[in-house]
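Here is a short briefing on one protein chain. Look over the sequence and the 3D view, then work through the points below.

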Amino acid sequence: MMHDDERAIRELILSWMLATQVGDIAHLKLLMAEDIVFLATGQVPIRGRDAFAAAFAAALEKFEIHPSSDIQEIKSFGDHAYCWNDLSVTMKSRSDGSVVQRTGAALTILHKKANGRWVIARDANMLS
């Protein structure tokens with residue numbers, strides 16, 4: 001049986017995927033903690049919601065982004081949780097139509113705010 005926290009986290013992940021696909025940066029920012037940190041192989045960490053928004057906006061200028069996620073595990077511990085995903089991201093170049101596919105595992109740490117809403121606090125992905 002799925003608990004309320006797990007259901008809410010699954011909904012957050014789905015919302016993230018949909019907002020990413022349509023390029024809704026304002027909605028993505030609502031799903032993140034202000035001090036979020038994104039870790040990716042071979043890249044410097046992206047620190048903060050505004051830094052992520054700027055990096056994502058720059059990526060959207062160059063690519064259409066189509067993510068998909070297969071959640072492998074969700075565990076919650078009070079006001080913290082983690083989610084392990086098998087992630088796939090397809091990026092189609094806006095200039096020449098070429099397509100790049102990246103897949104791999106992602107581990108997300110979430111925090112439940114005082115209002116009961118979950119947000120992404122840390123995200124590490126190993127896409128290649």
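Threonine 108 is buried, because its relative accessible area is 3% and buried means under 20%. This comes from a predicted model. Start with this residue, then step back to the whole chain.

**Around threonine 108**
- Threonine 108 is part of strand S5, which covers residues 99-112.
- Its side chain makes a polar contact with the side chain of aspartate 123, at 2.5 Å.

**Helices and strands**
- The protein chain has 3 helices and 6 strands.
- From the N terminus, the order is α-α-β-β-α-β-β-β-β.

**Overall shape**
- For 128 residues, a compact globule would have a radius of gyration near 14 Å. The protein chain has 14 Å, so the two agree.
- The C-alpha trace spans about 45 × 30 × 25 Å along its principal axes.

**Inside and contacts**
- Of the 128 residues in the protein chain, 34% are buried.
- Take the contacts with a separation of 6 or more: residues 24 or more positions apart account for 48% of them.

**Surface and charge**
- The protein chain exposes about 7600 Å². Carbon and sulfur atoms supply 56% of that area.
- The protein chain carries 14 positive and 16 negative charges. Their mean positions are 3 Å apart.

Definitions and conventions: Residues numbered from 1 in each chain as written. Predicted model: local features only at pLDDT ≥ 70, side-chain atom pairs only at ≥ 80, totals over all residues. Heavy atoms only, no water. Helix = DSSP H or I, 4+ residues; strand = E, 2+ residues; numbered from the N terminus. Rg over C-alpha atoms; globule rule 2.2 N^0.38 Å. Buried < 20%, exposed > 50% of the residue type's maximum accessible area, 1.4 Å probe, protein only. Contact = heavy atoms within 4.5 Å. Areas by Shrake-Rupley, 256 points an atom, 1.4 Å probe, with all protein chains shown as cover. Lys, Arg positive; Asp, Glu negative; His and termini not counted. Charge placed at Lys NZ, Arg CZ, Asp CG, Glu CD. Polar contact = N/O pair within 3.5 Å; in protein donor to acceptor, adjacent residues only side chain to side chain.
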